[in-house]
Amino acid sequence: MKHERTETHPEGLFGLLGQAGLLGLPYPEEFGGGNQPYEVYLQVLEELAAHWAAVAVAASVHSLAAFPLLSAGTSAQCQRWAEDILSGSLIGGYSLSEPQAGSDAAALTCRHHAVIEQVIADSKASALAHLPSGHFHANAAWLVLWATAYNLLRAAGALTSAFHAKATTATLRTHLVRVPARIARSARRVTLHLPQRWPWQHAWTQPFETIHAPPDAARRH
């Protein structure tokens, strides 16, 4: 399709959709809407998507932009803007301003969603990039191993420093896992010799000092 190849938008598309009554299906008739249930609106989006997915997404975003106005706007605001939006004379949009919000506009006020997005992005760049796709049970086992390794690595990072508590998996591997050390064995004792000028020596030893340090009660005695 020409517009897909050139990444352009057909001029007059929203006006045409508005004239057909497809931009305001779930909204009140007094502003030019269809006063239809959301099931009907979603069925229309599915039909649009079957022929041109980009148009369905654009119509969905446009309709979503009208929702705050018609659900929380004042009467004066609705009188001024609603009819033009639902007719396609004005094109609606919204801005995602939170980092890591992705395309989930409903979660913009939720910090936990941003954290989950960061975890997924971090994992796609590491373990999840190598899923043995096509084999359900293999994928399931891989995900369990990834979750276990991820949580253990994050715990080690939290014990190390404030920087490592928020660091990516790649950084934690470089600083805490891939250790350029020499192992020496004497009788039953194993000694790990770290390089003298290795920049992450303190970071690497910090978790061990934290874990093996005596509890506060023992220190007082």
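Author: Before the numbers, a word on what we're looking at. This is a predicted model, so local features need pLDDT of at least 70 and side-chain atom pairs count only at pLDDT 80 or more, while totals for chains, interfaces and linings use all residues. Numbering starts from 1 along each chain as its sequence is written, and side-chain values use heavy atoms, leaving out hydrogens and water.

Your area question: the protein chain exposes about 15,400 Å², and carbon and sulfur atoms supply 58% of that. The areas come from the Shrake-Rupley method with a 1.4 Å probe, and for residues only the protein chains shown count as cover. Of the 221 residues, 27% count as buried (under 20% relative accessible area; exposed is over 50%, partly exposed is in between, with a 1.4 Å probe and protein chains only). The chain has 11 helices and 2 strands, taken as DSSP runs numbered from the N terminus (helices are H or I, at least four residues; strands are E, at least two). From the N terminus, the order is α-α-α-α-α-α-α-α-α-β-β-α-α.

Now the close-up. Two packed helices are described by the angle between their axes and the distance between the axes. Helix α3 (residues 38-51) meets α4 at an angle of about 150 degrees, and the axes are 6 Å apart. Those axes are lines fitted to C-alpha atoms, for helices over the stretch in contact, with angles from 0 to 180 degrees between N-to-C directions. The angle makes α3 roughly antiparallel to α4 (over 145 degrees; under 35 is roughly parallel, 65 to 115 roughly perpendicular, the rest oblique). On the α3 side, Y38, Y41, L45, L48, A49 and H51 make the contact, and α4 brings A53, A56, A59, S60, S63 and F67; contact means heavy atoms within 4.5 Å. By type, that's 9 nonpolar, 3 polar and no charged residues (Ala, Val, Leu, Ile, Met, Phe, Trp, Tyr, Cys and Pro count as nonpolar; Asp, Glu, Lys and Arg as charged; the others, Gly among them, as polar).

While we're on α4 (residues 53-72), have a look at H62, which sits in that helix. H62 is at 0% relative accessibility, so it counts as buried. Leaving aside residues up to four places away in sequence, H62 touches F14, L23, I85, L90, I91 and G92.

N35 isn't a glycine, yet it has a positive phi of about 55 degrees, and its relative accessible area of 53% makes N35 exposed. Q36 has its place in the loop between α2 and α3 too, but Q36 is partly exposed, at 35%. Not counting residues up to four places away in sequence, Q36 touches L25 and P26.
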